[in-house]
Amino acid sequence: MNADERFGYRSPLGRHAHLSRAPDPVKARQAARDAYHATGLVLINPEWLPGWADRKQLEILADKVHGKRRASNG
């Protein structure tokens, strides 16, 4: 029995259901690498950097380019 049969209706959003998968960190990193090599666009997740100093350097550069980040409430 599928969802249509259980609930008796079809959602117009059903065609987008395949887009709601959990993000794949390996694919994200590959996409960032491809973007860099193809266009020079730099996308770096701080979690990809192994050391505190590298992450801090990235934060300093991001603040310089984009302005200070607002503190999160989380």
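This is a predicted model: local features need pLDDT of at least 70, side-chain atom pairs count only at pLDDT 80 or more; totals for chains, interfaces and linings use all residues.
View 1. Asp63 belongs to helix H3, helices being DSSP runs of H or I with at least four residues and strands runs of E with at least two, numbered from the N terminus. The side chain of Asp63 meets that of Lys68 in a salt bridge with an N to O distance of 3.5 Å, a salt bridge being a side-chain nitrogen of Lys or Arg within 4 Å of a carboxyl oxygen of Asp or Glu. Lys68, by contrast, is exposed, since its relative accessible area is 72%. When residues up to four places away in sequence are left out, Asp63 touches Lys68 and Arg69, contact meaning heavy atoms within 4.5 Å.

**View 2. The salt bridge between Lys56 and Glu59 within helix H3.** The closest N and O atoms of Lys56 and Glu59 are 3.5 Å apart in this salt bridge, and the count for the model comes to 2 salt bridges. Both residues lie in helix H3, 3 residues apart, which is about one turn of the helix. An α-helix has 3.6 residues a turn, so residues three or four places apart point the same way. Lys56 counts as partly exposed because its relative accessibility is 33%, and Glu59 is likewise partly exposed, with a relative accessible area of 40%.

**View 3. Helix H3 from end to end, and the glycine that follows.** Helix H3 covers residues 52-66, and its 15 residues should span 21 Å at 1.5 Å a residue, which agrees with the 21 Å between its end C-alpha atoms; the expected span is 1.5 Å times one less than the number of residues. After H3 comes Gly67, whose phi is positive, near 90°.

View 4. Val42 sits in the loop between helix H2 (25-39) and H3, and Val42 counts as exposed because its relative accessibility is 53%. Arg29, a residue of helix H2, is partly exposed, with a relative accessible area of 39%. Arg29 and Ile44 are separated by 15 residues in sequence and by 8.2 Å in space, C-alpha to C-alpha.

**View 5. The whole chain, its surface and its confidence.** The protein has 3 helices and 0 strands, and its elements run α-α-α from the N terminus on. Of its 74 residues, 7% count as buried. The protein exposes about 7300 Å², of which carbon and sulfur atoms supply 57%, the areas coming from the Shrake-Rupley method with a 1.4 Å probe. Its pLDDT, the predictor's confidence in each residue from 0 to 100, averages 86, and 85% of the residues score at least 70. Confidence is lowest in helix H1 (residues 3-7), with a mean of 58, and highest in H3, at 96.

**Notes.** Residues are numbered from 1 along each chain as its sequence is written, and side-chain values use heavy atoms, with hydrogens and water left out. Local features need pLDDT of at least 70 and side-chain atom pairs count only at pLDDT 80 or more, whereas totals for chains, interfaces and linings use all residues.

Technical notes:
Buried means under 20% relative accessible area, exposed over 50%, partly exposed in between (1.4 Å probe, protein chains only).
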